[in-house]
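Take a moment to look over the sequence and the structure before reading on.

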Amino acid sequence: MDIIIWLFVAFSLTWFMSYARTTLSSFTLAFAALMALGSFFNIIGIVSWLLFAVIALPLNIDNIRQQFISMPLLALFKKIMPRMSSTEQQAIDAGTTWFDADLFRGDPDWEKLHNYPRPRLSPQEQAFIDGPVEQVCAMVNDWHITHEIADLPPEIWKFLKENKFFAMIIKKKYGGLEFSAFAQSRVLQKLTGVSSVLASTVGVPNSLGPGELLQEYGTKEQQDYYLPRLASGKEIPCFALTSPEAGSDAGAIPDYGIICHGQFEGKDVLGMKLTWDKRYITLAPIATVLGLAFKLQDPDQLLSDKKEWGITCALIPTNLPNIIIGRRHFPLNIPFQNGPTQGTDVFVPLDFIIGGSAMAGQGWRMVVECLSIGRAITLPSNSAGGIKTVALATGAYSRIRRQFKMPIGKMEGIEEPLARIGANAYLMDAVTTMSTGAIDLGEKPSVISAIAKYHLTEKMRSSIIDAMDIHGGKGICLGPNNYLARGYQGAPIAVTVEGANILTRSLIIYGQGAIRCHPYVLAELEAANNSDSEQALNDFDHAIFGHIGFTISNISRSLWCSITGSRFLNSPFNDETHRYYQLLTRFSANLAMLSDISMLILGAELKRKERISARLGDVLSQLYLASATLKRYNDEGRKTADLPFVQHAVEDCLYSIQHAIDELISNFPNKVVAKLLRLIIFPLGMWLKKPSDEIAQKVARILQTPGASRTRLGQGQYLTRDGNNIFGKLEQVLEDIINCEAIHEKICRALNKTLPFYQLDKVAELGLSENIISKDEAELLTTAETGRQWVIAVDDFDSKELSAFKPKI
């Protein structure tokens, strides 16, 4: 054995053990054995052993390693890493990690993903969706709601209360429905398909609000009084967090409460004098009970020796003096009840704090813990449900509407956006199912909820724009038969609320993900903030050397995947999805490496480098979206007819990951490191492409042709063909038109001429007169023509109808 062979073996051993993430002690023993082999063959001598000892012994002897390596590193770490504020700490502690942690750590376990149980509805939940949800959908006239009365009509409000739509999260012992997160998502998806106002009205009380806060943190007295009243609809709740001076920075709310003595219902009690100015509060104009977030102060130290308690949540009846409600905002022609609320020196007892005085100052923790769940349900579900319905409607319109003597859906220019809509609908439904499934398993997935909220509302916005482009003039003219325009107008609402999307992408997804999902960063931060110096050093020593090994491992993994094209990585299936799993594993390793190198090079500056954080967050997000898509495909039996949806969605995610990494490297502050990163990740350049035209065409054709795949895509939406449901009528006209195509062709062949595919009633008369078709076939042609005319029609009005000013008579 000569020195070249020995060095090659040493390099291979180092690479293999780093790739396999072996422990430091195992690595040291293996290298010592290799050194001994080198000595046996007289390749290495005493100098090499001394060098090995100088490196190996300090690293493996705890006291020496901690004293001379870990202690200086801990001191340096404390200097360069920013201290977390209490609100940041509470946000980090609020949630749990789930499969997002696997994706962040460079080696996702795909078997683990597919072994998570598929969420299913209970018989009671299914009955609710088939019964009351179906009924209220039939009651909705969205034009009447959005244009004529700017509210849900009284009969719908009454129906919602009587059927406990506001009590889906409330436990049965209080009179609620106690539905799973998955069931709540299915309800909201169906409702939003017919009315965004309806879905928002139902969604908010079942998300962050008094009901959830009371169940999680309320006193027994508060729960026993309020929860039955909320469940029955006797109380209408809202939750007031956002202030004019504190929107996305909710922790900076200026609203305050001062602990003092005062009179309440004729008694002298210790209480709070509250002053607030809130806006954007859903249900505030009609609320009877107000969940209020404010900063509690105790200047006279009446409760304890603490003067500043911090953010606190209380439950305030809105009929108290000095409270202003009733004013409304008008959010982009989607007039769900939303408005400001103010209060000045409103005195209430301390036991109005949710959870009583023991929960004073715990409001921010309460809010972020509830948001970690609710953010994954309401807006993602509303977005997914809306686009599922839009996908079917746009597919139907594309097949029915003809230009240049063909259905517009056969034009390649239409196929491209239509395919994006279909793939997004499939992916978005997959993400809501997987995310709510995690909640039902007991998780509080704060990172996943941020991913779902941001990306599904963004995809909803882009998809509704695509649908509008396909519909053209049909989409831009408002009226009772326009099923797109309100969704188009209201898309920015979902993008803005529950954490503005710019903030969510730039700060929250990766900011929380890097700390919560990384196997060592949180431990390092906690050690740096530990006042017990001995325990801090022990914890930091364990974390930092684990972190170093983890980083080296992900560099090895990334390089190996680049050299081999990731083709030797394991995949749970050997079908058309095989490469997707391999590439996602590769990009997972890239994310882990990029995160560690970014933290090493930038340190505390990474917190302020929002573009870098956003791009790292994009990689994590797209990994999650693709994983959810693959899980859905597997959970539904790996039906190859649905494969075009999967291919388009996952390949778009992979392309987006590649793009995000490329932008990150191109803009990395340290250009030398940037070149090394590009060499490791893209040694042969970027090779992934957007979904092919062939795949896009397959998706577009599925949307235009009734069948099992199309039905699965729209599963759960309100498509009942009752004559009043626009989407049910569209489905019927689509079927009629397709059935008429063969009849039309038969007439053309018999007459030896090409007749236009319109005025089908006249074509029917001609076919009958020539004894080419039966009466049933003629009737179908006539029915289809009536439906076709309805589909392509555009609403119009008398000028007086459009005036907001109504003169007195």
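Asp-466 counts as buried, at 9% relative accessibility (buried means under 20% relative accessible area, exposed over 50%, and partly exposed in between, with a 1.4 Å probe and protein chains only). Asp-466 also forms a salt bridge with Arg-420, with the closest N and O atoms 2.8 Å apart. This is a predicted model, in which local features need pLDDT of at least 70 and side-chain atom pairs count only at pLDDT 80 or more, while totals for chains, interfaces and linings use all residues. Residues are numbered from 1 along each chain as its sequence is written, and side-chain values use heavy atoms, leaving out hydrogens and water.

**How confident is the model?**

- The mean pLDDT of the protein chain is 90, and 97% of its residues reach 70 or more (pLDDT is the predictor's confidence in each residue, from 0 to 100).
- Confidence in the chain is lowest in helix α5 (residues 86-94), at a mean of 64, and highest in helix α28 (residues 693-703), at 98.
- The helix and strand names follow DSSP runs, numbered from the N terminus: helices are H or I runs of at least four residues, and strands are E runs of at least two.

**Salt bridges**

- A search of the whole structure finds 28 salt bridges (a salt bridge is a side-chain nitrogen of Lys or Arg within 4 Å of a carboxyl oxygen of Asp or Glu).
- Arg-420 counts as partly exposed, at 32% relative accessibility, whereas Asp-466 is buried.
- Glu-741 and Arg-402 meet through their side chains in a salt bridge of 3.5 Å, N to O. This pair also links distant parts of the chain: Glu-741 is in helix α30 (residues 726-751) and Arg-402 in strand β8 (residues 402-403), 339 residues apart.
- Glu-741 is partly exposed at 22% relative accessibility, and Arg-402 is partly exposed at 23%.
- Asp-635 and Lys-631 have side chains that meet in a salt bridge of 3.2 Å, N to O. Both residues lie in helix α25 (residues 610-635), four residues apart, which is about one turn of the helix.
- Lys-631 counts as buried, with a relative accessibility of 4%.
- A network of salt bridges links Arg-186, Lys-388, Asp-429, Arg-632 and Glu-636.

- Which residues form a negative surface patch? They are Glu-526, Asp-532, Glu-534 and Asp-539.
- Patches are made of residues with over 30% relative accessible area and no salt bridge, where like charges are joined within 9 Å and nonpolar side chains (Val, Leu, Ile, Met, Phe, Trp, Tyr) within 5 Å.
- Asp-539 sits in helix α23 (residues 533-564) and is partly exposed, with a relative accessible area of 32%.

- Most residues other than glycine have a negative phi.
- Asn-322 has a positive phi of about 75 degrees although it is not a glycine. Asn-322 is in the loop between β5 (308-317) and β6 (323-324), and is partly exposed at 48% relative accessibility.
- Glu-498 is a residue other than glycine with a positive phi, near 55 degrees. Glu-498 lies in the loop between α20 (485-496) and α21 (501-516), and is partly exposed at 24% relative accessibility.

Key: Accessible areas come from the Shrake-Rupley method with a 1.4 Å probe; for residues, only the protein chains shown count as cover. Lys and Arg count as positive and Asp and Glu as negative; His and the chain ends are not counted. The place of a charge is taken as NZ of Lys, CZ of Arg, CG of Asp or CD of Glu.
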